[in-house]
Amino acid sequence: HVAARCRPLPELQRELHASIPLAGAVPSVNWFVEIVAPSRFNAGKKALDDVNDVLRKRGFQPLILDRRRPFLRRLVRAPMYLARLASKLFDPRNTIVIQAPLPVEAKAFVRELMRVKRATVVVLVHDLDSIRYPGRSHESPLELTFLKLADAVICHNSTMERWLQERGVRQTITSLTFFDYLVDAQTAPDASFIDVAALDWRRDIVFAGNLAKLKSAFLYELSDDYG
């Protein structure tokens, strides 16, 4: 989804294709980096899984980056994965969605590949590690460079969009505003957890997220009489 005030992605893609002669009428292909995250008792992989699901349903082909293996095994297999991704990035017929942040074993190499890419690349930002982790603020220039090498960026909201623009990201930027979660109709509402039908939607709030104090400190600061 691209904001109406910005040039739509198909237009960017047509301009790129028009500037590069192609041999034969070979149809374009949509790809995406499918990050398969390990299962843990939190919502950390939910957004990744939902984006993977939506893009597959929209006809995008996956380039699977499996993070469930131990780090050393991932490091050994990284060259094989990166070589496949490189072949897609060098083809001007392709459109590729890359979800950020990438795992550490792929981050630097993919950024360098972006400098010489010929495909149209959209970066979907789940997190900016330089903001997310106080001790990693030094990574901000590298993250911004990565985004500036994309053709379009999808971020969470207008605050993040403004933050990126103030730091020189001039690409087409789209804000999601609310990051919708997909819900399996067979498992929701889960009657054993909450009776959704009984909620008063005018005043009741359901909070879904990490309940740890580090992530959701406001929960621990609420008074007991807020009703």
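Start by selecting V122 and A152: V122 stands opposite A152 in strand 5. Strands here are DSSP runs of E with at least two residues, helices are runs of H or I with at least four, and both are numbered from the N terminus. You are looking at a predicted model, so local features need pLDDT of at least 70 and side-chain atom pairs count only at pLDDT 80 or more, while totals for chains, interfaces and linings use all residues. Residues are numbered from 1 along each chain as its sequence is written, and side-chain values use heavy atoms, with hydrogens and water left out.

**Strand 5 and its neighbours**

Now show the whole of strand 5, residues 152–155. Strand 5 is joined to strand 4 by 3 bridges, and the two run parallel. With strand 6 the pairing is also in the parallel sense, over 4 bridges. For two strands to count as paired, DSSP has to find at least two bridges between them.

Buried means under 20% relative accessible area, exposed means over 50%, and partly exposed is in between, with a 1.4 Å probe and protein chains only.

Walking from the N terminus, they run α-β-α-β-α-β-α-β-α-α-β-α-β.

**Into the core**

Select I98, V110, V123, F146, L147 and L164. Within the largest nonpolar core, which has 36 residues, these touch the most other members. A nonpolar core is a set of buried Ala, Val, Leu, Ile, Met, Phe, Trp, Tyr and Cys residues joined through side-chain atoms within 4.5 Å. The largest share of this core, 6 residues, comes from helix 3 (residues 71–89). A second, separate core of 9 residues includes V51, L124, A152 and I154, so A152 from the first stop turns up again.

Centre on I98. Leaving out residues up to four places away in sequence, I98 touches V33, V110, M114, V121, V122, V123, L124 and F146.

V110 also leads you to helix 4 (residues 104–115), where E105, A106, V110, R111, L113 and M114 are buried. What covers them includes strand 2 (61–66), helix 3, strand 3 (94–100), strand 4 (120–125) and helix 6 (140–148).

**Charged pairs**

Switch to Asp, Glu, Lys and Arg side chains. The structure holds 12 salt bridges, each a side-chain nitrogen of Lys or Arg within 4 Å of a carboxyl oxygen of Asp or Glu.

- D53 and K57: their side chains meet at 3.5 Å, N to O. Both lie in helix 2 (residues 46–57), 4 residues apart, about one turn of the helix. D53 is partly exposed at 28%, while K57 is exposed at 66%.
- D91 and R93: the distance is 2.8 Å, N to O. D91 counts as buried, at 17% relative accessibility.
- E139 and R136: this salt bridge is 2.8 Å, N to O. E139 is buried at 16%, and R136 is partly exposed at 27%. Salt bridges that share partners join K107, D129, R136 and E139 into one network.

**Last stop: the whole chain**

Show everything. Of the 227 residues, 36% count as buried. The accessible surface comes to about 14,600 Å², with 57% belonging to carbon and sulfur atoms; the areas come from the Shrake-Rupley method with a 1.4 Å probe, and for residues only the protein chains shown count as cover.

Definitions and conventions:
Contact = heavy atoms within 4.5 Å.
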